[in-house]
Amino acid sequence: FTLWDTVITESFEKVKAQAVTVEWDVWEEPNWRGWWGRDRDQFFETYAYFHRKLRELDPDAVIVGPSISMFDREYLEAFLLFAKDNDVVPDLLSWHEIIEEHHPVTIPRHVKTMEDFMELHSIGVKGIDINEFCSFERQTSPGFNAMYLAYLEQAKVNAACRACWRDQDGKLFNDGLPMLDGL
């Protein structure tokens, strides 16, 4: 963990020097081999090391995780039980709602499923972040964008961020497209 220790410490020092408030997210989509490339247990250990190191640097840091690529109940439950058993529970539970198979209408059910699990196992997480929503295929559909926002609101998530995709010709990211008035 020598390199990881350096990354955590240097990142913390840069944020501290900028005097900004951040939520610390350990890894983007650790369940997707394109970003992680190792097994789940290795991610859990990497997350635990990060959590402990960051708490040493800043006991009040807001830690988010696991930020998996889609709602995966089994993965989230295993992560939460590991986090509880190892005293590294995140402040905010997170995952993405970006795959085409999950319609926005499923978001409140996904959130309720995890809230019920955490209550059953006495896991104290302060909230749920959907840190990416809206699939590539739906990015230019005003109806779907509004629907995502409506169901995120219904689920009472702590926070949500719209996914950023390239447009169909690959030249422009959707954050530059004139949708939802640039929101």
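## Model and conventions

Buried means under 20% relative accessible area, exposed means over 50%, and partly exposed lies in between (1.4 Å probe, protein chains only). This is a predicted model, in which local features need pLDDT of at least 70 and side-chain atom pairs count only at pLDDT 80 or more, while totals for chains, interfaces and linings use all residues. Residues are numbered from 1 along each chain as its sequence is written, and side-chain values use heavy atoms, with hydrogens and water left out.

## Overall architecture

The protein has five helices and five strands. Helices (H or I, at least four residues) and strands (E, at least two) are DSSP runs, numbered from the N terminus. Along the sequence they follow the pattern α-β-α-β-α-β-α-β-α-β.

The protein has 183 residues, and 43% of them count as buried. Its accessible surface is about 10200 Å² (Shrake-Rupley method, 1.4 Å probe). Carbon and sulfur atoms hold 53% of that surface. Contact means heavy atoms within 4.5 Å. Among contacts with a separation of 6 or more, 73% link residues 24 or more positions apart.

Five strands form an open sheet with the order 1-2-3-4-5 and parallel pairing. Two strands pair if DSSP finds at least two bridges between them. Strand 1 (23-25) and strand 5 (159-162) are the edge strands; each has a single partner, so one side of each lacks a neighbour in the sheet. Neighbouring strands are turned by 25 degrees against each other on average, direction ignored.

Strand 1 and strand 2 run parallel and are joined by three bridges. Glu-23 stands opposite Val-62 in strand 2. Strand 2 is mostly covered, with six of its seven residues buried. Helix 5 lies across strand 3, strand 4 and strand 5.

## The nonpolar core

A nonpolar core is a set of buried Ala, Val, Leu, Ile, Met, Phe, Trp, Tyr and Cys residues joined through side-chain atoms within 4.5 Å. The largest one here has 42 residues. Phe-43, Phe-50, Leu-80, Leu-93, Trp-95, Met-114 and Ile-128 have the most contacts inside it. Elements that each supply at least two residues include helix 1 (2-18), helix 2 (40-57), strand 2 (62-68) and strand 3 (92-97). Helix 3 gives the largest share, seven residues.

Leu-93 shows how this looks up close. Not counting residues up to four places away in sequence, Leu-93 touches several residues, among them Leu-76, Phe-79, Leu-80, Met-114, Met-118 and Ile-128.

## A buried glutamate

Glu-97 lies in strand 3. Glu-97 is buried, because its relative accessible area is 1%. Beyond four places in sequence, its contacts include His-102, His-110, Glu-132, Cys-134 and Tyr-148.

## Cysteines

The whole structure has zero disulfides (pairs of cysteine sulfur atoms within 2.5 Å). Cys-134 has 0% relative accessibility, so Cys-134 counts as buried. Cys-161 has 44%, so Cys-161 counts as partly exposed.

Key. Axes fitted to C-alpha atoms, helices over the stretch in contact; angles between N-to-C directions.
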